Amino acid sequence: MTAKIAVLAGDGIGPEIIAAALGVLDCLQRDFGLSVELEHADIGGAGYDQYGQPLPEETLQICQQADAILFGAIGGPKYDTLERDLRPEKGLLRLRSALSLFSNLRPAILYPQLAAASSLKPELVAGLDLMIVRELTGGIYFGEPRGIRQLENGERQGFNTLVYAEHEIERIARSAFDIARLRSRRLCSVDKANVLEVSELWREVVERVGKDYDDVELSHLYVDNASMQLVRAPKQFDVIVTSNLFGDILSDTAAMLTGSIGMLPSASLDIDARGMYEPVHGSAPDIAGQNIANPLATILSLAMLLRYSLQQGELAQRIETAVGAVLDQGLRTVDIAAGAESIGTRQMGDAVVAAIRADAS
Ligand code: NAD
């Protein structure tokens, strides 16, 4: 069956990094029998320029009909003075919520060849490969009531509400268990069940869902301990599942362990594992149009797309192996070159394609 992929290049370096990823996709179609149909659409500043909206209706429709979305990046100084509703970021937020992308996958991968880029000792992080599954559409960021109110004594008080219904916990837990099954079958749920009732329920529901996954080893950690363990011995983790707020913080910590923002992919999935795949970094307007952006985060996002939405784990592995191979060859874009010689965006994309072909021959 031919899968449909919506391709949203966006702004800044978006078109360049997406072009490199599409080169890889083209190779998989030509040489490995992958069958996909691509539909390109505008989003962010590009959507505003073309249609006056950061998420044009046509783009939303294309995304709703797709099996997966490959996303570049949005934003740029040109759009920073627009009214809030028309800014590129709004397009991305609207798209995530329109598609109910509640499960946010943030891998932290550190290729051993780049271990020196981390702020931690190389032996602690070399070969790190962990996945944080963050609940994305609930919790304290969305809970009502919220606001800033005036107390009787005249002082102002800010308040937010942390709420999770059982169905929200259950679906993120299932998403995380499914992902653990595609990896090394170890899942750590992070909460604050010693203090928060919401976390008590979270733990109970995760345990209950776990009964359907007796092939996955489940553990629990309090969030304060989890953050400590992430910087003490990050390689002990495989998959971590946690709420929106805790996941926001832990995933950025984990990302920084790798030290190279140009290398980090991400995904956001709905209940049927249809998803949007994008690099963690932004549109990097400072280097746009110069053929120097690192396309590997986007290429690795494509690998995630193949694994999680198209059930093509073997092709995903081919891409990941090829990325390791180009790093082994010493090829680096400027952001990961540490001052040594570097190659451009297109050349890096071509090198990954060549490595995929070399591995197969
Ligand atoms: P950024 O991630 O775009 O850039 C931060 C720094 O990292 C810059 O120096 C940039 O040159 C560098 N960098 C980023 N990606 C790189 C790559 N692939 N290769 C080499 N170097 C890379 O973050 P920022 O500067 O804070 O934001 C720039 C714009 O991107 C803003 O408009 C912001 O709103 C937007 N943004 C978009 C997303 C998204 O599309 N999901 C995420 C974050 C920021």
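**Reading the model**

Author: Let us begin with Ser189, which lies in strand E8, residues 186-191. Helices (H or I, at least four residues) and strands (E, at least two) are DSSP runs, numbered from the N terminus. This is a predicted model, in which local features need pLDDT of at least 70 and side-chain atom pairs count only at pLDDT 80 or more, while totals for chains, interfaces and linings use all residues. Residues are numbered from 1 along each chain as its sequence is written, and side-chain values use heavy atoms, with hydrogens and water left out.

Reader: Is Ser189 buried or exposed?

Author: Buried means under 20% relative accessible area, exposed over 50%, and partly exposed in between (1.4 Å probe, protein chains only). Ser189 has a relative accessible area of 0%, so it is buried.

Reader: Which residues is Ser189 in contact with, leaving aside its neighbours within four places in sequence?

Author: Contact means heavy atoms within 4.5 Å. By that criterion the partners of Ser189, beyond those neighbours within four places, are Trp202, Val206, Leu218, Ser219, His220, Leu221 and Val241. With Trp202 there is also a polar contact, side chain to side chain, at 2.9 Å. A polar contact is a pair of N or O atoms within 3.5 Å; within protein, one must be able to donate a hydrogen and the other to accept it, and residues adjacent in sequence count only if both atoms are side-chain atoms.

Reader: Where is Glu341 found, and is it buried or exposed?

Author: Glu341 sits in the loop between helix H11 (313-328) and helix H12 (345-360). Its relative accessible area is 73%, so Glu341 is exposed.

Reader: How many residues surround the ligand?

Author: A residue is near a molecule if one of its heavy atoms lies within 4 Å of it. Here 19 residues surround the ligand, and the closest are Glu89, Gly282, Ala284, Asp286 and Asn294. A polar side-chain atom of Glu89 lies 2.7 Å from a ligand oxygen atom. Gly282 places a backbone N or O atom 2.7 Å from an oxygen atom of the ligand, and Asn294 places a backbone N or O atom 2.9 Å from a ligand nitrogen atom.

Reader: What can be said of helix H10?

Author: The expected span of a helix is 1.5 Å times one less than its number of residues. Helix H10 (residues 296-308) has 13 residues and reaches 18 Å from its first C-alpha to its last, close to the 18 Å expected. Because 13 of the 13 residues of H10 are buried, the helix is largely enclosed by the rest of the structure.
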